[in-house]
Amino acid sequence: MIKRKPYTLFLFTSLLLFLIGFLKSDETFDINVHDTYFVIAQNQLYWLFSLLLFFFFMIYFALEKTKFHWQKRLELIHVYGTIFFSIGMFFPYELVFKSPDFSLFDDYQRSNAYRSFFAVLFLIAQ
C-alpha cells in the first residue's frame, strides 16, 4: 500500500508553477512601494515560488528520512495553506475584473488588494 504524504503536493505544485513560468513570459508584475514601482517579469515570480515550494518539499523529505515527526495538523495547515494562498496570489484576477484597453492605475486596485490579502495569508501560513 502506498502511503501518500501531503508534502508531495509541494513537488507537483512546484513543477506546475515552473512550467507556467515558461508559458506566461510576456506579462509583468508591478509592486508599488512609496511612490516607486518595481516591475518584474511575472515568469520570474513563478520561478521564485517554484523554487520556494521545491525547497519546502526537500525539507519535509529530508526530515522524514531522519525520522523526525511533525504534528500532523500543523503539517496539513502548512502544506494546504501554502499551496492555496500561493495559487490565490497568482490567480489571473484580470479575467474576473475586466479593465479597459487603456488601463489606468486605479483599474488594478481591486486585484492588487486581493493579491496583497493572499500574500499576507501566505505569510501567516508559514
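1. Overall order. Read from the N terminus, the elements of the protein follow the order α-β-β-α-α-α-α. The model under discussion is a predicted one. Of the 126 residues in the protein, 28% are buried. Among contacts between residues at least 6 apart in sequence, 67% join residues at least 24 apart.

2. The nonpolar core. The largest nonpolar core comprises 18 residues. Those with the most contacts inside this core are Tyr 7, Phe 10, Leu 17, Phe 49, Val 79 and Phe 90. At least two residues of the core are supplied by each of helix H1 (8–23), helix H2 (42–65), helix H3 (72–90) and helix H5 (109–125). H2 provides the largest share, seven residues.

3. Phe 49 within the core. Phe 49 is among the core residues with the most contacts inside the core. Which residues does Phe 49 contact, leaving aside its neighbours within four places in sequence? They are Leu 17, Ser 86, Met 89, Phe 90 and Phe 122. Of these partners, Leu 17 and Phe 90 are themselves listed among the core residues with the most contacts.

4. H1 against H3. These two helices pack at an angle of about 15 degrees, and their axes lie 10 Å apart. H1 is therefore roughly parallel to H3, since angles under 35 degrees are classed in this way. The crossing in which H1 passes H3 is left-handed. On the H1 side, the contact involves Leu 9, Phe 10, Thr 13 and Leu 17. On the H3 side, His 78, Val 79, Tyr 80, Thr 82, Ile 83 and Phe 90 take part. By class, the contact of H1 with H3 has seven nonpolar residues, three polar residues and no charged residues.

5. H3 against H5. What angle do H3 and H5 make where they pack? The angle is about 160 degrees, with the axes 8 Å apart. H3 and H5 are therefore roughly antiparallel to each other, because an angle over 145 degrees falls in that class. Their crossing is left-handed. H3 contributes His 78, Gly 81, Thr 82, Phe 84, Phe 85, Ser 86, Gly 88 and Met 89 to the contact. H5 contributes Arg 115, Phe 118, Ala 119, Leu 121, Phe 122 and Ala 125. By class, the contact of H3 with H5 has eight nonpolar, five polar and one charged residues.

6. Glu 75. This residue is found in helix H3. Is Glu 75 buried or exposed? Glu 75 has a relative accessible area of 7% and is therefore buried, as the limit for that class is under 20%. Not counting residues up to four places away in sequence, Glu 75 touches Pro 6, Tyr 7, Tyr 60 and Trp 70. One of these partners, Tyr 7, is listed among the core residues with the most contacts.

7. Ser 50. Helix H2 also holds Ser 50. With a relative accessibility of 4%, Ser 50 counts as buried. Its contacts, not counting residues up to four places away in sequence, are with Ser 14, Leu 17 and Phe 18.

8. Leu 48. Leu 48 belongs to helix H2. The relative accessible area of Leu 48 is 52%, so this residue is exposed, given that the exposed class begins over 50%. Leu 48 and Leu 17 are 31 residues apart in sequence, yet their C-alpha atoms are 9.1 Å apart in space.

9. Lys 67. The loop between H2 and H3 contains Lys 67. The phi angle of Lys 67 is near 65 degrees, a positive value in a residue other than glycine. Lys 67 counts as exposed, because its relative accessibility is 63%.

10. Gln 126. This residue is placed in the segment after H5. Gln 126 is partly exposed, with a relative accessible area of 41%. Not counting residues up to four places away in sequence, Gln 126 touches Phe 56, His 78 and Thr 82. Gln 126 and Ile 77 are 49 residues apart in sequence, while the distance between them in space is 9.0 Å, C-alpha to C-alpha.

Key. Residues numbered from 1 in each chain as written. Predicted model: local features only at pLDDT ≥ 70, side-chain atom pairs only at ≥ 80, totals over all residues. Heavy atoms only, no water. Core = buried A, V, L, I, M, F, W, Y, C linked by side-chain atoms within 4.5 Å. Buried < 20%, exposed > 50% of the residue type's maximum accessible area, 1.4 Å probe, protein only. Helix = DSSP H or I, 4+ residues; strand = E, 2+ residues; numbered from the N terminus. Contact = heavy atoms within 4.5 Å. Axes fitted to C-alpha atoms, helices over the stretch in contact; angles between N-to-C directions. Parallel < 35°, antiparallel > 145°, perpendicular 65-115°, else oblique. Left-handed = near helix turned anticlockwise from the far one by under 90°. Nonpolar A, V, L, I, M, F, W, Y, C, P; charged D, E, K, R; others polar.
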